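Here is a protein to explore together. Take a moment to look it over, then read on.

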Amino acid sequence: MEVKSCRSCRRLFNYIGGQMICPACKEELERKFYGVKEYIRENPHANIPEIAKETGVTTKQLQQWVREERLQFSEDSDIALQCENCGAKIYTGRYCDNCKNNLASGLTKAFEQDQPKAEPKKKEAKHNAMRFKH
């Protein structure tokens, strides 16, 4: 484990992985996340700056949660994102379903090409075969 300084409060903490924030700040961020979810449920047509102002969360943090697919806006919402690959309208994440499928398919094909081909088994010599006497 490494000792790191929290990006939010500057306290030292044992860093295991993930965001470089201490457990106390991580807990506070999760509390804010659930507050944002509740606000969006109650105000489905609110825009990102309004959500940020009313919940005390930065627009950058809101966008991060949307890109991580932790938040999703409804299709009738005024908020929409663009797929980073093709520009299609999406409501969460970084890519549309079509681009996700294409990327996954491409990765699968690349992985299969990198796998070594299995060599056919050599037939055992007959002299190693078991014999029975009658």
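This briefing walks through the overall fold, the core and the helix packing.

This is a predicted model, in which local features need pLDDT of at least 70, side-chain atom pairs count only at pLDDT 80 or more, and totals for chains, interfaces and linings use all residues. Residues are numbered from 1 along each chain as its sequence is written, and side-chain values use heavy atoms, with hydrogens and water left out.

**Overall fold**

- The protein has four helices and four strands (DSSP runs: H or I of at least four residues for helices, E of at least two for strands, numbered from the N terminus).
- Of the protein's 134 residues, 24% count as buried, meaning under 20% relative accessible area with a 1.4 Å probe, protein chains only.

**The nonpolar core**

- In soluble globular proteins, nonpolar side chains tend to be buried together.
- The largest nonpolar core here has 27 residues (a core is a set of buried Ala, Val, Leu, Ile, Met, Phe, Trp, Tyr and Cys residues joined through side-chain atoms within 4.5 Å).
- Strand E2 (12-15) and helices H1 (23-42), H2 (48-55) and H3 (59-67) each supply at least two residues of this core, and H1 gives the most, with six residues.
- The residues with the most contacts inside the core are Val36, Ile51, Leu62, Trp65, Leu71 and Phe73.
- Leaving aside residues up to four places away in sequence, Leu71 touches Phe33, Val36, Lys37, Ile40, Leu62, Trp65, Val66, Tyr91 and Thr92; a contact means heavy atoms within 4.5 Å.

**How the helices pack**

- H1 and H2 pack at an angle of about 125°, with their axes 10 Å apart (axes are lines fitted to C-alpha atoms over the stretch in contact, and angles run from 0 to 180 degrees between N-to-C directions).
- That angle makes H1 oblique to H2, because angles under 35 degrees count as roughly parallel, over 145 as roughly antiparallel, 65 to 115 as roughly perpendicular and the rest as oblique.
- Gly35, Val36, Tyr39 and Ile40 of H1 make this contact with Glu50, Ile51, Glu54 and Thr55 of H2.
- H2 and H3 pack at about 115°, with their axes 9 Å apart.
- On the H2 side, Ile48, Pro49, Ile51 and Ala52 meet Thr59, Leu62 and Gln63 in H3.

Definitions and conventions:
Buried means under 20% relative accessible area, exposed over 50%, partly exposed in between (1.4 Å probe, protein chains only).
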